[in-house]
Amino acid sequence: MLVRRQFNLVLALVIILGLITIFPIKAVGEREKNIFLNNQQFKQGELIIIRTENQHIYRINFNQKEYHLYKDNNTTGFLALIPISYWLKPGEYKLEINGQNFNMLKDIKILPGNFRKSYLDVDSEKEEIVRPQSKETIERKKRDNQLINKARKNSSNTRLWQGKFIWPVDGTISTPFGATRYINNRLQNRHSGLDIAASKETAVKAAASGIVKLAAELLVTGNTIIIDHGWNISSSYCHLDDIKVSAGQKIEKRDIIGSIGSSGFSTGPHLHWTVKVNGVFANPEWFINSLF
């Protein structure tokens, strides 16, 4: 009888300890089921997409930067967009998600974008545009940068676009995203978007719906349009021959906004098309092929 009582006591303790051990793990697991990532490894230039219906997430941190969770009016959930810069070194990183009574750490692997090299040979007049020496050119670039920064500031908290982006023009990609750009055999920068070569005056369409935030002639990018798509996503269309929209105008996907040209720092007719997310240039092709 004593042996049986001792056995029952031990069995009860095992069950109680087992419950104490199992419960938190199960609870965390249940919470994690409400948070979804599109992947756990990404190339430079791609995006981490966090999707959840959990309203009690108050902090998302990746690579020492915090990101906002947006209410998706198309569903009952929320989305966060984390761009992977082409400057971010490949390797292992931590994604931290903090919510009411829980913390999550996810291992994220960043892969190289395998960017190619791009070389341009230009005359001294063109070189002055990107490597200004004169006070006049330096001041002009400063003013242009202020206009660009203002256009990309105060993005709408509402998602202004629907579905995947489209190609803004039919043509040939002459310089891909992320290419290491050399001008007159000197390193200049990485290529922030896609160069799409096409015949002059070919119509350029809006890749997605949004609001025009800038429509102006700039020194480096020539005739330039910047469209806000909401959620800190913007697209720009550069080196246009002409501009057919104005700042503040609401436009729809496929609307004609300008035409192919070679204005600004350009060596031939083409469209320089960029997409910027939370202050970081992302690969525009991702928005055509993989958006959400």
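Tutor: We start with how to read the model, then go from rings to cores to sheets.

The model is predicted, so local features need pLDDT of at least 70 and side-chain atom pairs count only at pLDDT 80 or more, while totals for chains, interfaces and linings use all residues. Residues are numbered from 1 along each chain as its sequence is written, and side-chain values use heavy atoms, with hydrogens and water left out.

First, confidence. pLDDT is the predictor's confidence in each residue, from 0 to 100. The protein has a mean pLDDT of 88, and 88% of its residues reach 70 or more. Residues 1-31 have pLDDT below 50. Beyond near neighbours in sequence, that stretch makes two contacts (heavy atoms within 4.5 Å) in the model.

Now the rings. A pair of aromatic rings is described by the distance of the centres and the angle of the planes. Here, rings of Phe, Tyr and Trp (its six-membered ring) pair if their centres lie within 6.5 Å. Planes under 30 degrees apart are stacked, over 60 edge-to-face, and the rest tilted. The whole structure holds eleven aromatic pairs. One of them joins Trp 161 and Phe 165. It is edge-to-face, with 6.4 Å centre to centre and 75° between the planes. Both Trp 161 and Phe 165 are buried. Buried means under 20% relative accessible area, exposed over 50%, and partly exposed in between, for a 1.4 Å probe and protein chains only. Trp 286 and Phe 287 also pair edge-to-face, at 5.5 Å centre to centre and 75° between the planes. Trp 286 and Phe 287 are buried too.

A nonpolar core is a set of buried Ala, Val, Leu, Ile, Met, Phe, Trp, Tyr and Cys residues joined through side-chain atoms within 4.5 Å. The largest has 37 residues. Phe 165 and Phe 287 are among those with the most contacts inside it, along with Tyr 237 and Trp 273. Strand β21 (residues 270-277) gives the most to this core, with four residues. Strands are DSSP runs (E, at least two residues) numbered from the N terminus; helices are runs of H or I, at least four residues. A second, separate core has 21 residues, including Ile 50, Phe 78, Leu 95 and Met 104.

Phe 78 also has a charged neighbour. Lys 71 lies over its face, 5.8 Å from the ring centre. In the same way, the charged end of Lys 276 sits over the ring of Phe 281, 4.4 Å from its centre. For this, NZ of Lys or CZ of Arg must be within 6 Å of the ring centre and within 35 degrees of the ring normal.

Last, the sheets. Two strands pair if DSSP finds at least two bridges between them. Three bridges join β1 to β3 (residues 47-52), and Phe 36 stands opposite Arg 51 in β3. Another open sheet has five strands, β2-β9-β8-β4-β5, with mixed pairing. Within it, β8 (residues 91-99) and β9 (residues 102-111) run antiparallel over nine bridges.
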